[in-house]
Every structure is written in structure tokens, then in C-alpha cells.
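Here's a quick walk through one protein chain. Have the structure open and follow along.

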Amino acid sequence: ALLRTPPFRSVLPRVVGRRDLCTMACVDGAGDLKAVKQALRTELRARLAALEDDAIMHASEAVAQQLFALPEYAQSKGVACFLSMPKEFNTRPILERLFKDCKRVYLPRVESVKDHTMSMLEAASLADMDAFPPGRWNIPEPARDGPARVEALQDGSDIDLIVVPGLAFDIRGGRLGQGAGFYDRYLAKMQECKGKGTVKLVGVTIDDLIIAQVPRDDLDFLMDKVLWPSKPSSQ
């Protein structure tokens, strides 16, 4: 199991295809949710760091094909995605296809580190995206002194799908983020602006980051779908 420290108990892995889901700790009633999440993050980051970049890319390409086969993708007009950090699910295959399919593409920009807020701003093209300067944590993002851009939650925006990053997911749609809460805050704002369920949330990950159960509370958003390379077609 990823964590064996009381007062938590381990959960046996569930098998998906020929791959086992990694095990994790569940929170008992008196458990400290924040502590168990942080312990999971430490273990999962170490797991990610040990993976070869080629393996991450191969897994990311397989998941991209699953995404493109979804009816939610075919029906979408505006899609928010993310630009990958090193040792993270690689979104390059998804981003290239989004522009090829003439989707409107929205990408994150950190607005306030103190307040843990971000925006999703439209990128005009792949070349526009590739020209983004490095922002917080050296992740490329739309420049603050650049041209005016449509924000995904503005009136008239056609966003209907968000490709969501995560440090881990479970098969029920649970998501473990990096811990800063940028996405949880943005998704809460999105739900207020667009209405619950109107924008579909699709988590993308690799087999090594699918765990038995993500510890969560009422503030954590569930994904509508989670995709990973060995996901059975029946799920």
C-alpha cells in the first residue's frame, strides 16, 4: 500500500485489464484528510519521478486516442486543456488534435498565487500556444501584456469540455490534485457561471496514477470520466 500509517487502513488493489490499480490508504472517520492527501502526494511524486519520459509519452498518446473517441469530444466546441509540467501526463498529442479539429482551445494562466486563482484563456493556434512565455513553475501560459483573449467563463464562451490534470485519480471519478486548489476553485466558479453538469470534466492520467480510492471531501470535484491507458472498454 502507499501508506501504512495509523489511523488509516490499506485497500487491496482492483485489477483493470492486465494491470493492477495501485493501492492507497482510505481515511477512517477520525482520520486527517489533509495529512493522508499529502502523504499520497509524496509517494506519487516519487513514483512519477522514476518513470521514463518515453513511457509517459506513450501512455499519454494512448489516452489521447481514448479522448478523441468520446462522444463528448466529438460534440464539443470549446475545450479547456493544460500544458504539461515535466514528469506529468503529456498533453501535446491532445493539443495538436484540438487545433486540427478546429476546436476553440482554452489554456490556464495563474492569476494569483496567494489566492490560488487561475483563468482559462483562448489560444488562437498551435503557433500562438507555442509562443507563450514561461509563467509560474516555468509552465508556459498566455502573456499578461499580450493581446486580449476570451476567458472560458465569459458570456458567449462555448466551453463544454475540460481536460483535467491530476496527481492521481480513481475509477469513480475521484481526483487528487497537486494541493494548491487552483482547479477546485476554478471548477467551482465554472459551475456557478455555466451550471452544474453543463461542462464535462475528463481526467487524464497514466496507469501508475490510478489508485483504489482518492480521499476527498465535499469541496473536491468528481470527474465525469477518467481515462488511463489500460482502462477496459466496459468502464
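Predicted model: local features only at pLDDT ≥ 70, side-chain atom pairs only at ≥ 80, totals over all residues.

Residues are numbered from 1 along each chain as its sequence is written, and side-chain values use heavy atoms, with hydrogens and water left out.

The protein chain has 6 helices and 12 strands; these are DSSP runs (helices H or I, at least four residues; strands E, at least two), numbered from the N terminus. Buried residues make up 47% of its 235 residues, with buried meaning under 20% relative accessible area, exposed over 50% and partly exposed in between (1.4 Å probe, protein chains only). Take contacts (heavy atoms within 4.5 Å) between residues at least 6 apart in sequence: 70% of them join residues at least 24 apart.

Now for helix α1. Val36, Lys37, Leu40, Arg41, Leu44 and Leu48 are its buried residues. Seen down the axis of α1, they fall within an arc of 140°, so they line one face of the helix; the arc is that of the directions from the helix axis to the C-beta atoms. Thr42 and Ala49 are exposed on the face turned away from the buried side.

Two polar contacts (N or O pairs within 3.5 Å, one able to donate a hydrogen and the other to accept it; residues adjacent in sequence count only if both atoms are side-chain atoms) are tabulated here.

| Side chain | Backbone atom | Distance |
|---|---|---|
| Asp32, oxygen | Lys34, nitrogen | within 3.1 Å |
| Arg149, polar atom | Glu122, oxygen | 2.9 Å |

The largest nonpolar core has 62 residues, and Leu67, Ile94, Leu107 and Ile162 touch the most other members. Such a core is a set of buried Ala, Val, Leu, Ile, Met, Phe, Trp, Tyr and Cys residues joined through side-chain atoms within 4.5 Å. Helix α2 (residues 53-68) gives the largest share of this core, 6 residues.

Last, the loop between α5 (126-130) and β8 (159-164), where Arg149 is found. Leaving aside neighbours within four places in sequence, Arg149 contacts residues including Leu121, Asp128, Phe132 and Gln154. Asn138 lies in the loop between α5 and β8 too, and counts as exposed at 60% relative accessibility.
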